[in-house]
Amino acid sequence: MDVTETKTASPPTERPVRQLLAASVGNAVEWYDWYAYTFLATYIAAQVFPKSADNSLVPLLSTFAVFAVGFFMRPVGGLLMGAVADRHGRRAALTVTILLMGGSSLLVGLTPTYATAGVLAPVILVLARLLQGLSVGGEFAASTTFLVESAGPGRRGLFSSFQYVSTTVGQLVASGIATLLVDTLSDGQMNGWGWRVPFVLGAVLSLVGFWIRQGAQETRSAEQQRAPRPGLFEALRRHPRESLLIGGITAGGTIAYYTWTSYLPTYAELNAGVEKSDALLAGTISLAFFALLQPLGGLLSDRFGRRPLLLFFGLGFALLTVPLLHALRDSFAVLLLVQCAGMVLLTGFTSISAAVNAEIFPPRVRAAGIGFPYSLTVALFGGTAPYVGTLFKEQGHSGLFPWYVAVICLVSSVVYLRLPETAHAPLRR
């Protein structure tokens, strides 16, 4: 892999701040829609799936299974929308993904209950989640490429960090709205109609994101626009090593990310007896802290390189996941400290993953090349994390889950040790 290939023309965008806004606002809306499902999982479980007389965890397991199913559409979205971005432009792909997310979010909000529609209710929910997975997989492929190609020299890490700044803002808004609803509505209201509100709101916000993205400038170079269109599987066929490399880079990062930012409130409820409202509030505060850390991580990587930050993340989680999760107990303060400690370590991955991925692939197949292996790895490890954690609990082995996370992060750390340093090489255009 030649990471120093020339074609070092200046970035094609004249107003990088506007590019950041176009990418970030739309991305925040996308991820708000995606994460609202996670924060309201217990309410969705109670309304959409049949109850089991033998085990109260069965509806929740079903809800997290649908969460995982959505992830397995993400590789398809990464491949298809990545191909759209490589063939027709990054902006075209970003427009499609946000409209698709708005429609699927509305479908979740309108899903009937099991009591009124029977088996049709979970079928509709699965369909909506599949469409959301398709959208999110394509969003990451296109927005990652768009952000890094919009950056000036020596600023790719900084621009990369806004991928997770905006992702976290969307997640933060979803968590904040869920917390507000839980604190202000009765259980009957939440189970009746309250859980639907965030999804209908998400559909409206998607239209706002669509409007903002219309002002974005295309980042695909004129040379690439004139070149023959790449085949759908060209990235996999011609760059198998790079595809495997992205999988190795992503495995530890995605399982740590989804454990700490999505599943930890539920994990704390199930294993430490933390109140639902306290778990959601701690998650909201730690997410705000996490968003503030991202630009710092990006700037550090532009100065000192990508590999030191990746090793800080990977080895940190390999060594500290077990003690941190075992330290949880029925205490808001302890949960908040555990979450914030994990966020510091996680920044070593999240703040620069977009830059690292974009620096691996050539521009001709950059979006599709990133989208498919990244999303497939996320589906295998990140998307299944809540289900695996809940399944361990149901089988009486909840203590195994922290070790599972630690081992995956250790494997990725081996990849980071052998990763070529790309921070100071020119981006191939």
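This is a predicted model: local features need pLDDT of at least 70, side-chain atom pairs count only at pLDDT 80 or more; totals for chains, interfaces and linings use all residues.
**Helix pairings**

Two packed helices are described by the angle between their axes and the distance between the axes. The table gives these values for both pairs.

| Helix pair | Angle between axes | Distance between axes |
|---|---|---|
| H7 (residues 120-150) and H17 (residues 353-360) | roughly 85° | within 9 Å |
| H8 (residues 156-184) and H14 (residues 276-304) | about 170° | 8 Å |

The axes of H7 and H17 cross at roughly 85°, which makes H7 roughly perpendicular to H17. On the H7 side, Phe140, Thr144 and Val148 form the contact, and they meet Ala354, Ala355, Asn357 and Ala358 of H17. By residue class, this contact comprises 5 nonpolar and 2 polar residues, with no charged ones.

Helices H8 and H14 pack at an angle of about 170°, and H8 is therefore roughly antiparallel to H14. The contact of H8 with H14 involves 14 nonpolar, 13 polar and 3 charged residues.

**Helix H20**

Helix H20 covers residues 400-417, 18 residues in total, and extends 26 Å from its first C-alpha to its last, close to the 26 Å expected at 1.5 Å a residue. Its buried residues are Phe401, Pro402, Val405, Ala406, Ile408, Cys409, Ser412, Ser413, Val415 and Tyr416. Viewed down the axis of H20, these buried residues fall within an arc of 165°, so they line one face of the helix. Trp403, Val411 and Leu417, on the other side of H20, are exposed. The cover over the buried residues of H20 includes helices H13 (240-272), H15 (306-326), H16 (332-350), H18 (366-382) and H19 (385-394).

Technical notes
Residues are numbered from 1 along each chain as its sequence is written. Side-chain values use heavy atoms; hydrogens and water are left out. Axes are lines fitted to C-alpha atoms, for helices over the stretch in contact, and angles run from 0 to 180 degrees between N-to-C directions. Helices (H or I, at least four residues) and strands (E, at least two) are DSSP runs, numbered from the N terminus. Angles under 35 degrees count as roughly parallel, over 145 as roughly antiparallel, 65 to 115 as roughly perpendicular and the rest as oblique. Contact means heavy atoms within 4.5 Å. Ala, Val, Leu, Ile, Met, Phe, Trp, Tyr, Cys and Pro count as nonpolar, Asp, Glu, Lys and Arg as charged, and the others, Gly among them, as polar. The expected span of a helix is 1.5 Å times one less than its number of residues. Buried means under 20% relative accessible area, exposed over 50%, partly exposed in between (1.4 Å probe, protein chains only). The arc is that of the directions from the helix axis to the C-beta atoms.
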